[in-house]
Amino acid sequence: MTPASRAGPCDRAFRQLGDPRAHPNVRWVSALTGATEAEVRAALHDVENHLEILAEIRERHREGGRQSYAQIRAPFELYAMARLLRPSSIVETGVSSGVSSAHFLLALSDNRRGRLRSIDLPTLQKGAELSPSESPVSLPPGRPTGWAVPARLRKRWELNLGPSQELLPTVATASDPIGLFLHDSLHTPHHLTFELETIRPHLAPGAVVLADNTKWTGTAFDRFAASLGAPVLPRGRSDLVGLRVPTYDRPASGRGRGPRSRTTR
Ligand SMILES: C[S@@+](CC[C@H](N)C(=O)[O-])C[C@H]1O[C@@H](n2cnc3c(N)ncnc32)[C@H](O)[C@@H]1O
């Protein structure tokens, strides 16, 4: 199988990015959103309308001394999920240069609706060069959080700087019901549990909740999923996982019949 045919629906964007980890997982998006695989492919294909912006994001990373921009492994899937769910509100924790943010914002721009509220406590690079002991998510000198997000995408963005321990309760309350949430900040069991419990009352029915680097967060995500009665859906064999908040059948009596997973198409 050639790299091009592996890349499938957004082949040109995938090749332009040049990071094999970003090969989109159509089934994962389908399971999370309830869309058919054909619908997911169509949504992924739409990202190819933005090759110029994607090239700009990549160039900004190069200029900042970061060769690859796929800090989140699933930038194209984030775009597709936001296109398919058409949320009025997306919330994310953990921004760094803004790869996940930029892909959410691209989708909101295409949807012509919705807002992204992001929270980031910046990690600063210590010197002029990134040392081997430092994380590539550190901000290069002089560059602010979200430094790779092109100006023309920022209209639908609210960026909040500080610890999500302090900011998330307010951000979650101020938002419309959250249709899509991404945890990509401090990866500890305690912190992930805090974030998930904070957003729980603000999640829209059918919302998608994602968490990256769950190999560091113990059983926090699984326990949250179990409490909702939702299956945990990993992206392939990786520790980027998601779930879909169950929707409830509401018969005329108003009594629900319990959670109904929409992930098994
Ligand atoms: C893995 S990076 C985010 C990558 C980003 N989602 C992307 O796709 O490029 C994690 C970010 O979370 C920030 N962070 C760490 N602890 C945090 C906290 N307690 N609250 C908010 N952000 C935090 C880090 O400084 C860093 O900018």
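This is a predicted model: local features need pLDDT of at least 70, side-chain atom pairs count only at pLDDT 80 or more; totals for chains, interfaces and linings use all residues.
Visitor: What part of Ser164 is 3.0 Å from a nitrogen atom of the ligand?

Guide: A polar backbone atom of Ser164. The protein also covers 92% of the 610 Å² of accessible area that the ligand has on its own.

Visitor: Where does the ligand sit?

Guide: In the largest pocket. To sit there, more than half of its atoms must lie within 2 Å of the pocket's grid points.

Visitor: Which residues come nearest to the ligand?

Guide: Ser100, Asp120, Leu121, Thr123 and Asp184, out of 19 residues around the ligand. Two helices, α7 (99-111) and α8 (164-174), each supply at least two residues of that shell.

Visitor: How many residues of each class does the shell around the ligand have?

Guide: Eight nonpolar, nine polar and two charged. Asp counts as charged, so Asp120 and Asp184 belong to that class.

Visitor: Why is Ser96 called buried?

Guide: Its relative accessible area is 10%. Buried means under 20%, so Ser96 qualifies. Ser96 is found in the loop between β1 and α7.

Visitor: Which other residue has a positive phi, near 45°?

Guide: Arg86, again a residue other than glycine. Its place is in the loop between α6 (75-85) and β1 (89-93).

Visitor: Why does Arg86 count as partly exposed?

Guide: Its relative accessibility is 37%. Buried is under 20% and exposed is over 50%, so Arg86 falls in between.

Visitor: How do you know whether Leu116 is buried or exposed?

Guide: From its relative accessibility, which is 0%. That is under 20%, so Leu116 is buried. Leu116 lies in strand β2 (residues 115-120).

Visitor: How far apart are Leu116 and Ser101 in sequence and in space?

Guide: They are 15 residues apart in sequence. C-alpha to C-alpha, Leu116 and Ser101 are 7.7 Å apart.

Conventions: Residues are numbered from 1 along each chain as its sequence is written. Side-chain values use heavy atoms; hydrogens and water are left out. A residue is near a molecule or strand if one of its heavy atoms lies within 4 Å of it. A polar contact is a pair of N or O atoms within 3.5 Å; within protein, one must be able to donate a hydrogen and the other to accept it, and residues adjacent in sequence count only if both atoms are side-chain atoms. Accessible areas come from the Shrake-Rupley method with a 1.4 Å probe; for residues, only the protein chains shown count as cover. On a 1 Å grid over the protein atoms alone, a cavity is a set of points where a 1.4 Å probe fits but cannot get out, and a pocket is an open set with protein on both sides within 12 Å along at least five of seven lines; lining residues have an atom within 4 Å of a point. Helices (H or I, at least four residues) and strands (E, at least two) are DSSP runs, numbered from the N terminus. Buried means under 20% relative accessible area, exposed over 50%, partly exposed in between (1.4 Å probe, protein chains only).
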